[in-house]
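I opened a structure and kept notes on what I looked up. The sequence and the model come first, then the entries.

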Amino acid sequence: MGRIEEFNALAAQRAEDELTACCAAPRWAREVAAGRPYPDLAALLASAHAASARLTWPEVTQALAAHPRIGQRPAGQRREDGWSRGEQSGLDAASDRTRAEIAEANEAYERRFGHLFLVCAAGRSDAELLAAARDRLAHDEATEREVVRGELAKIAALRIRKLLDEPA
């Protein structure tokens, strides 16, 4: 899309649609779009972070449903599918054994918490992602919900930067 000025100039629905690719919680996209015009990227990111903090747990789980499992990168052609593939590029060189261990950790996590394991994978290696999944299995549900909310906010911020063609 381009710079903050272009984002500010979008029609409301188009801005919401663009933001939904960053976080698939409709209220989040509405709130962030409604905060325009933003003077700069920092203000937009602050608004996005605040909107993430206000999401109810059902809204968080709705946003989670738009993310692939770690290790199961989407093959689709949507912009967010491409973003996910890039974000999970740390798994490109993973061995079959590590991939199997990540799949097992995903299954254990989903059994324990009832939703997929979400982590901001950008810049993280296969070993780091596997360790994060295993470590988070030790969390209680309240702690893990806060971690998930934080990871969702990190991913949204990363994707907003991508949306505006800004360096991450």
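Where in the chain is Val-119 found? I found Val-119 in the loop between helix H7 (96-113) and helix H8 (126-136). Helices here are DSSP runs of H or I with at least four residues, strands are runs of E with at least two, and both are numbered from the N terminus.

Before going on, I noted that this is a predicted model, in which local features need pLDDT of at least 70 and side-chain atom pairs count only at pLDDT 80 or more, while totals for chains, interfaces and linings use all residues. Residues are numbered from 1 along each chain as its sequence is written, and side-chain values use heavy atoms, with hydrogens and water left out.

**Entry: Val-119**

Is Val-119 buried or exposed? I read a relative accessibility of 4%, so Val-119 counts as buried. Buried means under 20% relative accessible area, exposed means over 50%, and partly exposed lies in between (1.4 Å probe, protein chains only).

I then listed what Val-119 touches, not counting residues up to four places away in sequence: Ile-70, Arg-124, Leu-129, Arg-136, Glu-151 and Ile-155. Contact means heavy atoms within 4.5 Å. I also checked Thr-98, which is 21 residues from Val-119 along the chain; their C-alpha atoms are separated by 17 Å.

**Entry: helix H5**

Which residues of helix H5 (residues 57-64) are buried? I wrote down Trp-57, Glu-59, Val-60, Ala-63 and Leu-64. They lie on the same side of H5, because they cover an arc of only 155° around the axis. That arc is taken from the directions from the helix axis to the C-beta atoms. An α-helix has 3.6 residues a turn, so residues three or four places apart point the same way. I found that the cover over the buried residues of H5 includes helix H3 (26-34) and helix H9 (141-163).

I looked up Glu-59 by itself. Its relative accessible area is 15%, so Glu-59 is buried. Leaving aside neighbours within four places in sequence, Glu-59 is in contact with Ala-25, Arg-27 and Arg-54.

**Entry: the whole chain**

I counted 9 helices and 0 strands in the protein chain. Of its 168 residues, 46% count as buried. Among contacts between residues at least 6 apart in sequence, 67% join residues at least 24 apart. Along its principal axes the C-alpha trace spans about 50 × 35 × 25 Å.
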